[in-house]
Amino acid sequence: MSEAFDCVALIPARAGSKRVKDKNIRLLGGKPLLAWTIQAADESGLFKDIAVSSDSDEILKIAGDCGATAIKRPEEYATDTSPDIEWLRHALAAPWLLNIAAFALLRPTSPFRTADTIRRAYAEFSEAGRAIDSLRAVERVKQHPGKMWTLQRQRGARPYRLVPLLPQPEYPWHSSQMAVLPEVWVQNASMEIAWIDTIERYGNQAGEVVVPFFTGGHEGFDINDEYDWKAAEMIARLEVKPRPRKLIDIYV
């Protein structure tokens, strides 16, 4: 039986995005991108609080208008190279979160995760309980690392040569069909759930025992550039509903 515990939704939304300007407050389907995640978290009915961490007063006002708690993030935790652990520790130090046992990290760049997506992930995390440190959303890779290369400098007319990123078997992966390559999964921006003491024990939000949450359809869609934004606008117009993915679905 899963244990009862209090969980908070934490949404990072710093200002200063370079690839998609003002993405967190840019309108998608008639509402700010940030609002999609706040709404899904609220409709899930799971969280003691839904808090947005940002260095921007404008973003925090919009977060408040959408019903979320605003946490002003120090500028030094909001740079292009700031690791998650900095703003997470700052947010979780808020006095009204001191009795929280776990947190869900929901990035606003993944707008098509729904309340049902969150409830499914929460159920899997809760069922695993203290046997794990965290849960993370993943999907099958589209570009397999077995077909990736690094550049190695060399002397002569051609300054570089290609070297496989990974050690290759006798018949190399880079010359094989995807169907025969080892299964590889990549994380997406949809979901992370972790016990708060995972941060205290390991200094990061993942820990050592991480279990997968398999996303399907557009649940794991992530906006990283203007091309992604155009695709998101199309998805929002069509109101595509993601199909829940179970373990058995992975192999059919």
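Contact here means heavy atoms within 4.5 Å. The model is predicted.

Helix α4 covers residues 115-128. At 1.5 Å a residue, its 14 residues should span 20 Å, and the end C-alpha atoms of α4 are 20 Å apart, so the two values agree. Buried residues in α4 are A115, T117, I118, R120, A121, Y122, F125 and S126. The cover over these buried residues includes both strands and a helix. Among the strands are β1 (7-12), β6 (102-105), β7 (134-140), β10 (185-195) and β11. The helix is α1.

Two packed helices are described by the angle between their axes and the distance between the axes. Helix α1 (residues 33-44) packs on α4 at an angle of about 55°, and the axes lie 8 Å apart. The angle makes α1 oblique to α4. The crossing of α1 past α4 is right-handed. From α1, the residues that take part are A40, A41, E43 and S44. They meet A115, I118 and R119 of α4. By class, this contact has four nonpolar residues, two charged and one polar. A115 and I118 belong to the buried set of α4.

F221 sits in the loop between β11 (210-214) and α6 (226-238). Its relative accessibility is 17%, and buried means under 20%, so F221 counts as buried. F221 and P145 are 76 residues apart in sequence. Their C-alpha atoms are 20 Å apart in space.

Notes:
Residues numbered from 1 in each chain as written. Predicted model: local features only at pLDDT ≥ 70, side-chain atom pairs only at ≥ 80, totals over all residues. Heavy atoms only, no water. Axes fitted to C-alpha atoms, helices over the stretch in contact; angles between N-to-C directions. Helix = DSSP H or I, 4+ residues; strand = E, 2+ residues; numbered from the N terminus. Parallel < 35°, antiparallel > 145°, perpendicular 65-115°, else oblique. Left-handed = near helix turned anticlockwise from the far one by under 90°. Nonpolar A, V, L, I, M, F, W, Y, C, P; charged D, E, K, R; others polar. Buried < 20%, exposed > 50% of the residue type's maximum accessible area, 1.4 Å probe, protein only. Expected span 1.5 Å × (residues − 1).
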